[in-house]
Amino acid sequence: MPLFQLYFTPALLLLVLTCPQVSQSVPLMVKGMVTDSLVFSAQILLHNITDALTKDELFSGINCSQEMVKLNNETDTPSVCAPKGSKCSGINKTEFDQDLCLENIGKDLHHYFTFLAAQSDPDKLIDPTLSGLRELMQNFFPKHLPSDLVSEEDASENSSSFDKKLNLCKVLKGFHLRSITINRVLSYMNSGEQTK
């Protein structure tokens, strides 16, 4: 186990259990501002995704670290959420549309929630990721939380177990990258830099 996990996990658990501001439900948005509580929830989600990607038993027979990334290309989160003044992709961004950015983040979370909820997970290896994602969506993006889900069997009847694991690996890697982007954007919004 990496040194980071040995110290981070108990400290985080201690913080959640002993700090009333963290352990109780608090508003995630106050008058359109992203709060520390939302930033913290997104960081926990990123930690859960990272942890899931390190579980060898989830991807038995597959070296997930060597596989390609499968991103959600149905949203524009990276470009829409680029900070004001950034010159990514050769475009000088002069404005930051927080509402459009949050809408794209909500759509990303919906995409990954729907995918993960449809996976067969008898050993509950992706359960912490799915639970953290569900909580984040219920508290902050409730309109993007799906009410009906398609089971994995319905979605991919002819896929082999290996293909399903391979796809899960690729999608989780994509979710990991998108979660890093989401964490950076929420921290940016929380700092108030976009209003300057």
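**Figure 1. Overall fold of the predicted model.** Among contacts in the protein between residues at least 6 apart in sequence, 77% join residues at least 24 apart, a contact being heavy atoms within 4.5 Å. The structure is a predicted model, in which local features need a pLDDT of at least 70 and side-chain atom pairs count only at pLDDT 80 or more, while totals for chains, interfaces and linings use all residues. Residues are numbered from 1 along each chain as its sequence is written, and side-chain values use heavy atoms, with hydrogens and water left out. The protein contains 8 helices and 2 strands, arranged from the N terminus as α-α-β-β-α-α-α-α-α-α. Helices (H or I, at least four residues) and strands (E, at least two) are DSSP runs, numbered from the N terminus. Of the 196 residues, 39% count as buried; buried denotes under 20% relative accessible area, exposed over 50%, and partly exposed the range in between (1.4 Å probe, protein chains only). The accessible surface of the protein comes to about 11400 Å², with 55% of this area belonging to carbon and sulfur atoms. Accessible areas come from the Shrake-Rupley method with a 1.4 Å probe, and for residues only the protein chains shown count as cover.

**Figure 2. Confidence along the chain.** The protein averages a pLDDT of 80, and 73% of the residues score at least 70; pLDDT is the predictor's confidence in each residue, from 0 to 100. Over residues 1-31 the pLDDT is below 50, and this stretch has 32 contacts in the model beyond near neighbours in sequence. Residues 150-156 likewise stay under 50 in pLDDT, and the model has 9 contacts for them beyond four places in sequence. Where pLDDT is low, the predicted coordinates should not be read in detail.

**Figure 3. Helix 8 and the glycine that follows.** Helix 8 comprises 31 residues, 161-191, and reaches 44 Å from its first C-alpha to its last, close to the 45 Å expected at 1.5 Å a residue. The expected span is 1.5 Å times one less than the number of residues in the helix. Just after helix 8, glycine 192 adopts a positive phi of about 85 degrees.

Figure 4. Val69, Leu71 and Leu177 form a nonpolar patch on the surface, and together they have about 220 Å² of accessible area. Patches are made of residues with over 30% relative accessible area and no salt bridge, like charges being joined within 9 Å and nonpolar side chains (Val, Leu, Ile, Met, Phe, Trp, Tyr) within 5 Å. Leucine 177 is located in helix 8 and, at 40% relative accessibility, counts as partly exposed.

**Figure 5. The salt bridge between arginine 178 and aspartate 108.** A salt bridge is a side-chain nitrogen of Lys or Arg within 4 Å of a carboxyl oxygen of Asp or Glu, and by this rule the count comes to 3. One of them joins arginine 178 to aspartate 108, with the closest N and O atoms 2.9 Å apart. This pair links distant parts of the chain, as arginine 178 lies in helix 8 and aspartate 108 in helix 5, 70 residues apart. Arginine 178 is buried at 5% relative accessible area, and aspartate 108 is buried at 0%.

Figure 6. The side chains of lysine 143 and glutamate 103 meet in a salt bridge with an N to O distance of 3.1 Å. Lysine 143 lies in the loop between helix 6 and helix 7 and glutamate 103 in helix 5 (residues 98-117), so the pair ties together parts that are 40 residues apart in sequence. Lysine 143 is exposed, with a relative accessible area of 66%, whereas glutamate 103 is partly exposed at 24%. Lysine 55 forms a salt bridge with aspartate 51 (3.8 Å, N to O). Lysine 55 is buried at 18% relative accessible area, and aspartate 51 is partly exposed at 25%.

**Figure 7. Surroundings of leucine 145.** Leucine 145 occupies the loop between helix 6 (127-140) and helix 7 (152-155) and is partly exposed, with a relative accessible area of 24%. Its C-alpha atom is separated by 6.0 Å from that of histidine 110, 35 residues away along the chain. Beyond neighbours within four places in sequence, leucine 145 contacts Phe113, Met137 and Gln138.

**Figure 8. Surroundings of alanine 52.** Alanine 52 belongs to helix 3 (residues 36-53) and counts as buried at 1% relative accessibility. Residues up to four places away in sequence aside, alanine 52 touches Leu58, Phe59, Leu125, Thr129 and Leu172. Alanine 52 and cysteine 169 are 117 residues apart in sequence, with 9.5 Å between their C-alpha atoms.
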